[in-house]
Amino acid sequence: MKQARSPRPNGFTLIELLVAMAIIAILLTLVTPRYYGSVDRARETVLRDDLSTLRRVIDQFHGDRARYPNSLDELVEMRYLREVPLDPLTERRDSWRVVAPGADAKGNVADVKSGAPGKAADGSNYADW
């Protein structure tokens, strides 16, 4: 007795594969901008937190020693920080912009700002943070 051939062979047709790939491509175009937007927001959040931490540590150093640190590396040497944090936007440790204290103060670092170029999502410059 002969077996009846199935009207459709096993597997997918080229059209079915193309339709599935088109659907996946459309979904990726919807998801990708949201992903990159969330990455940028996360970097800005980390930058704000790093600046807050650096400023707090500089204030602690000033309160303990009655002078400002000479460099950010001095904060690490004196164990106020484990290491100088990476600027999340430039991905470098040496891009921090140091703000010197007034003329009558001792030390070189009274404040820190980001050295990253560009603007944040709220329209402010990173360099002004």
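Mentor: Let's start with a term: buried means under 20% relative accessible area, exposed means over 50%, and partly exposed is in between (1.4 Å probe, protein chains only). Arginine 48, at 42%, is therefore partly exposed.

Trainee: Okay! What kind of model is this?

Mentor: It's a predicted model, where local features need pLDDT of at least 70, side-chain atom pairs count only at pLDDT 80 or more, and totals for chains, interfaces and linings use all residues. Residues are numbered from 1 along each chain as its sequence is written, and side-chain values use heavy atoms, with hydrogens and water left out.

Trainee: What average pLDDT does the protein chain have?

Mentor: The average is 91, and 93% of the residues score at least 70. pLDDT is the predictor's confidence in each residue, from 0 to 100.

Trainee: Back to arginine 48. Which side chain does it meet in a salt bridge?

Mentor: Aspartate 122, at 3.3 Å from N to O. A salt bridge is a side-chain nitrogen of Lys or Arg within 4 Å of a carboxyl oxygen of Asp or Glu.

Trainee: Where do the two sit?

Mentor: Aspartate 122 lies in the segment after S2 and arginine 48 in helix H1, so the pair ties together parts 74 residues apart in sequence. Helices (H or I, at least four residues) and strands (E, at least two) are DSSP runs, numbered from the N terminus.

Trainee: And is aspartate 122 buried or exposed?

Mentor: Exposed, with a relative accessible area of 54%.

Trainee: How many salt bridges does the whole structure have?

Mentor: A search finds 6. One of them joins arginine 67 and glutamate 74, with the closest N and O atoms 2.5 Å apart.

Trainee: Is glutamate 74 buried or exposed?

Mentor: Glutamate 74 counts as buried, at 9% relative accessibility. Arginine 67 is partly exposed, at 22%.

Trainee: New topic. How many residues are in the largest nonpolar core?

Mentor: It has 19, and those with the most contacts inside it are Leu72, Leu75, Trp96 and Val112. H1 gives the most to this core, with 6 residues. A nonpolar core is a set of buried Ala, Val, Leu, Ile, Met, Phe, Trp, Tyr and Cys residues joined through side-chain atoms within 4.5 Å.

Trainee: What does leucine 72 touch?

Mentor: Leu54, Val84, Trp96, Val109 and Val112, leaving out residues up to four places away in sequence. Contact here means heavy atoms within 4.5 Å.

Trainee: Last one: where is valine 19?

Mentor: Valine 19 is in helix H1, and it is partly exposed, with a relative accessible area of 46%.
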